[in-house]
Amino acid sequence: PFCRPNHFIREWKPNDARTVLRKHGNNLDLICKNLAGVKRRKSSLSENIQRKYAPQIAGCAEEQRIMQFMEAYCLEHLELYGIRDKFETMEVQDWLQNASNEMVSTMLDYNSEYAEKHGCQKYWEWVFATQIVKVRKNAEEAGIKKAFACLKLNRERANTISVKFEKNRIVEIEQEFGVESKAFYIDSPRIVDEFPALGFMDEDSARINLEEMLVPYRNNLSMRYRFFNDGGSHSAFGEFPGKNFEKQMEDKESNVEMQKMDEVIRRFDAELVEIMRGTLKFEQAHEPLEFSDPDYTESFKLRNLSTGAKAISLLQSILHYRVLREKSVLILDEPEINLHPEWQAEYARIVVMLQTELNLHVVITTHSPFFLKALENAVGERGMGERCHYYYAQNVDGDAKIEKVDNDLEMVYSKMMMPLLDMLRVMPI
């Protein structure tokens, strides 16, 4: 949530404007119904007017402009009921004054700190289904849920990002450094079933849609397009701590970067053909994305691939569409679950290759001693032992304890292997 925070401002400020319009719009609807002498309210048409004016109001930085848009909104609402001539009545003028005052207060008091907290709160609520933290029955303060998360980078300057929760709500937030890279999260290769439509898009559109699929907080794309296509304008609202850290979407890769990526993709595709025999058909424009195997006459629909083939095709897609770039963050949640044992070793080797080629930040969780060993071997082959760290998570009295175990992997292997050894002892072999 700390990456590209201006995105939250652009998205949530129109939402807040519409919330105010919805709140007061219901009252205006009743006033219009009574003044027009009609039996039923025109609720759906009223909501359309709210959607039209919310982004325009959100783009205003001055009180006078907000007041002008509120007046225009009111007149259009009256016209919906055929009573534009009732604009000067006391009921309508009182409504306009109250609604405009709240809208001015909400929009002009809207600052970066509020947007940051609001955006982060929505993000965590979505990811954790509002259960951000938990409380044990023997907690010192019964019924109070507390958690404090703190990340520190650059010890010399003591730059910090910190978030404090109480009762699953953010009560304190601090951001002293910028997060320039998005974190892409893969928990299941089954999202590949949604990829055929990418074949009908240009590369930029495909990349944007693919990025949306790989972040925990997935935005409603149709709503985003509506915000930016309805004539509304958005101005800049304040600056966050860590000035100049936000990368612009419009930044284009240099020729050197493009050539480097092309070479990485070429080598990567060659590796995948060796593993899977086939490859995704990216070159066919305006046709659904499919998988081609030279041993078969027809291409395979992505829905019909095994989950293992989908897992590897997913990596090929995010590389081909340049979702992964230099220093991107890639989070893989138990990737071995869908992989044949032989493919586990290949997958580990591919991930390590991508890390070294693009200097990625990769976080991998696993319960498999075999996949862990495959990663360890791949890291050793690439001579990058100093850049790879291992952490062991365990439950200690109901709390999660995570410790660095770079020098104690034998302990990790023994704990992971114990259930398997217990089963082997009773198997008839």
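**Rings, cores and cysteines**

I started with Phe282, which counts as buried because its relative accessibility is 15%; buried means under 20% relative accessible area, exposed over 50% and partly exposed in between, with a 1.4 Å probe and protein chains only. A note on the source: this is a predicted model, where local features need pLDDT of at least 70 and side-chain atom pairs count only at pLDDT 80 or more, while totals for chains, interfaces and linings use all residues. Residues are numbered from 1 along each chain as its sequence is written, and side-chain values use heavy atoms, with hydrogens and water left out.

**Ring pairs**

I looked up the aromatic pairs and found seven in the structure. Rings of Phe, Tyr and Trp (its six-membered ring) pair if their centres lie within 6.5 Å; planes under 30 degrees apart count as stacked, over 60 as edge-to-face and the rest as tilted.

Tyr53 and Tyr73 have ring centres 5.9 Å apart and planes at 75°, so I wrote them down as edge-to-face. Tyr53 is in helix α2 (residues 43-58) and Tyr73 in helix α3 (residues 63-80), so the pair ties together parts that are 20 residues apart in sequence. Helices (H or I, at least four residues) and strands (E, at least two) are DSSP runs, numbered from the N terminus. Tyr53 is buried at 7% relative accessibility, and Tyr73 is buried at 0%.

Back to Phe282: its ring pairs edge-to-face with Tyr321, at 5.6 Å centre to centre and 85° between the planes. This pair links distant parts of the chain, 39 residues apart. Tyr321 is buried too, at 6% relative accessible area.

I also noted a cluster, in which ring pairs link Tyr53, Phe69, Tyr73 and Trp95.

**Cores**

Which residues have the most contacts inside the largest nonpolar core? They are Phe195, Leu210, Leu214, Ile318 and Tyr347, in a core of 62 residues. A nonpolar core is a set of buried Ala, Val, Leu, Ile, Met, Phe, Trp, Tyr and Cys residues joined through side-chain atoms within 4.5 Å. Helix α10 gives the most to this core, with eight residues. Apart from it I found another core, of 29 residues, including Ile57 and Phe69.

**Cysteines**

How many disulfides does the structure hold? I counted zero, taking a disulfide as a pair of cysteine sulfur atoms within 2.5 Å. For Cys32, the nearest cysteine sulfur is that of Cys74, 6.9 Å away. Cys32 is buried, with a relative accessible area of 0%.
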